[in-house]
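I opened this model today to look up a few places in it. My notes are below.

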Amino acid sequence: MKNITQTIIIPSGSHEEFAVFDAGGSREWPDHSVTLSGISDLAGGYRVNRTSPSFHLLLHLTSGTLQVETPDGGGTADGGTTVFLPAGRPQRYFSDQPFSMVWFHLRPEAAEWRAISCDSPRIFRSRPLEALPALAGTIHREGSPLSGDPVLLKLACQLVQRLLVRELSRDAAGADLRRRLGKSFDLAFRRLSHPWNIAELAAAAGVSGSYFFAAVRKVYGKSPGTILTEARLTAAAGMLRSTGYKLELIAELTGFGSGFALSRAFRRIYGISPGRYRSRLPHGQVKSPESDM
């Protein structure tokens, strides 16, 4: 994202409906925490670059795909996906294909959003947020049941606001948990030769052993032992490909303890022995032990 310049390109054939929520407007969000929102059906070629936006952006795709880039990461959002981009950070999102979304500009100084960890981009799915297009439609579109009733409009806005706060806060908690679990596994992967146990990994994540085990299963769909074994086997396979180390040394370096234990695990995952795996490599790919000195 070097040399990003402020750019907004809305191609011909696009259609957008806006609602401006400010103190002088007919439609006003409670506490002015949302300043602008819209429903957009956009043609391919849509581009937005912002260098330092004064608002948090929250958008929900209803169809198509959108590429998202920030200095802290990004990815591809598709239908049913919600994207959160924090204020004050460069951002770029674009699509070469038609897509649709509902979106909101959030005031970062508002109490509702200060309570959320809003320092990094998030792309996530949430079943409750699937109601956003219908709720946004009742607020934006002329002739809707709410257009002439400020009391009902305010209630609808509060519902959307609380839904966003709850789901974004929930995702923030999930992001923090993933970060802590990732920190624990990063430590383990750097020292595969160490005989790690659940208590040590949990301590690195700052949680109890039972919580760590359950959280890993929930986030990764695997047990901590399975994740660690897979990392050790990946490292062992790499050493078989790129070094001439004997099996016992590879087993020691990767935490299996013995060549027998490594062979048993290797056969279970790769379907062949470490020796046959190495023998099938192209001639000259395996280095001699001396080349690693």
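Predicted model: local features only at pLDDT ≥ 70, side-chain atom pairs only at ≥ 80, totals over all residues.

**Confidence.** The chain averages a pLDDT of 81, and 78% of the residues score at least 70.

**Serine 223.** Where does serine 223 lie? I found serine 223 in the loop between helix H5 (209-220) and helix H6 (224-242). Is serine 223 buried or exposed? Its relative accessibility is 16%, and buried means under 20%, so serine 223 counts as buried. I listed its contacts, leaving out residues up to four places away in sequence: Phe213, Val216 and Arg217.

**Helix H8.** I checked the length of H8, residues 259-270. The helix has 12 residues, and at 1.5 Å a residue they should span 16 Å. The expected span uses one less than the number of residues.

Next I asked which residues of H8 are buried. They are Gly259, Ala261, Leu262, Ser263, Ala265 and Phe266. I followed them to their partners: the buried residues of H8 pack against H6, helix H7 (247-253) and helix H9 (274-279). Just after H8 I came to glycine 271, which takes a positive phi of about 80°.

**Second largest pocket.** I turned to empty space. Rolling a probe the size of a water molecule over the atoms shows where such space is left. The second largest pocket holds about 180 Å³. It is lined by 15 residues, and those closest to its centre are Tyr46, Arg50, Tyr93, Trp103 and His105. I traced the lining to its elements. Strand S2 (15-20), strand S3 (34-42), strand S4 (46-50), strand S5 (56-63) and strand S10 (99-106) each give two or more residues. By class, I logged 11 nonpolar, two polar and two charged residues in this pocket lining.

**Largest cavity.** How many cavities of 30 Å³ or more does the whole structure have? My search found one. The largest cavity holds about 30 Å³ of space. I wrote down its lining: Thr70, Asp72, Pro86, Arg89, Pro90, Gln91 and Pro121. Three of these count as nonpolar, two as polar and two as charged.

How values were computed: Residues numbered from 1 in each chain as written. Heavy atoms only, no water. Helix = DSSP H or I, 4+ residues; strand = E, 2+ residues; numbered from the N terminus. Buried < 20%, exposed > 50% of the residue type's maximum accessible area, 1.4 Å probe, protein only. Contact = heavy atoms within 4.5 Å. 1 Å grid on protein atoms, 1.4 Å probe; cavity = no way out; pocket = protein on both sides within 12 Å on 5 of 7 lines; lining within 4 Å. Points joined across faces, edges and corners; volume = space filled by probe spheres on them. Nonpolar A, V, L, I, M, F, W, Y, C, P; charged D, E, K, R; others polar. pLDDT = per-residue confidence, 0-100.
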